[in-house]
Amino acid sequence: MRWATEKRAVFRIGAAAGIAGVVLAVMGAMAVLVGIQDPFADVAASDYMTGIASAPALWALLHFAVAVGTSLRLAGLLTVGETFSGTPARPLALMGNGLSIVGVALLIVTYSRDGYVHTFLTRVWQEAGDGKGVQEAIFSASSRAAYSTEITGVLLVAGLAPLAYGAAMLVSRLYARWIGWLGVVGGAGAVLTAGYLYATGVTDLGYGVLYPLFAMLFPTVWLISACVQIWRAPALPDLAAHALETEGQRS
């Protein structure tokens, strides 16, 4: 895999954005998980809201960071897709691009909703007095709606998009074959994970094992590996300059 000098610089920007986005999104999500409230814990709405109320500003800031990181992740995904321009695998890459755009949009909606709306609902809940039960019911409904949107985003971004890109990698052989297989296997696992979560809801197996493995670890390693290969790809020789130099020597 080699790029013209000017294209290499642009691809490097996209690759760097993808790596930075994955790191920011994962670190933000882990900070929420460890420092405030497990967003996937099967706990009562009051317990969930108590966790948010303990650090509402930090809750909102971390969700904003995850949304920004996910946006940068999209830049990396689209950069991967663009590397297949002019190859037989281009249609597969275009499928991956479309799935990535829709999936990232759904995830950003989820993170924005969690970060802002749930902070607002928690503040109202704190001030509700005897009406807290109503607020908890509203919060539970909002959480379930966010859950459904997020799982759909995971299905697309961590499942179907890596499947398409991974298949393109295997067809074109621009990338190391293990990266292509990592996308295919991890993507298939994420599709199955999303289906399981849709069917069962919040379970220890779903969110304790499958989600961290196929919605976080596999897609993170796959995208970083692809972006690192893009970053390290050498530039093509400057053929025009070489031709002029050769012509001058002949003269």
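**Helix packing and a salt bridge**

Helix α2 (residues 45–54) packs against α5 at an angle of about 85 degrees, and their axes lie 9 Å apart. Since angles of 65 to 115 degrees count as roughly perpendicular, α2 and α5 are therefore roughly perpendicular to each other. This description, like the rest of the passage, refers to a predicted model. On the α2 side, the residues that take part are Ala45, Ser46, Tyr48, Met49 and Ile52, and they meet Gln135, Glu136, Phe139 and Ser140 in α5. Sorted by class, the contact of α2 with α5 holds five nonpolar, three polar and one charged residues.

Helix α5 (residues 132–172) also has helix α4 (residues 90–126) as a partner: their axes come within 8 Å and cross at roughly 160 degrees. Angles over 145 degrees count as roughly antiparallel, which makes α4 roughly antiparallel to α5. The crossing of these two helices, α4 and α5, is left-handed. In the contact of α4 with α5, 27 residues are nonpolar, 14 are polar and five are charged.

Side chains of opposite charge can pair when their charged atoms come close. The count here comes to one salt bridge, and the side chains that form it are those of Arg90 and Glu82, with 3.7 Å from N to O. How exposed are the two partners, Arg90 and Glu82? Arg90 has a relative accessibility of 22% and so counts as partly exposed. Glu82, at 34% relative accessibility, likewise counts as partly exposed.

Methods: Residues numbered from 1 in each chain as written. Predicted model: local features only at pLDDT ≥ 70, side-chain atom pairs only at ≥ 80, totals over all residues. Heavy atoms only, no water. Salt bridge = Lys/Arg side-chain N within 4 Å of Asp/Glu carboxyl O. Buried < 20%, exposed > 50% of the residue type's maximum accessible area, 1.4 Å probe, protein only. Axes fitted to C-alpha atoms, helices over the stretch in contact; angles between N-to-C directions. Helix = DSSP H or I, 4+ residues; strand = E, 2+ residues; numbered from the N terminus. Parallel < 35°, antiparallel > 145°, perpendicular 65-115°, else oblique. Left-handed = near helix turned anticlockwise from the far one by under 90°. Nonpolar A, V, L, I, M, F, W, Y, C, P; charged D, E, K, R; others polar. Contact = heavy atoms within 4.5 Å.
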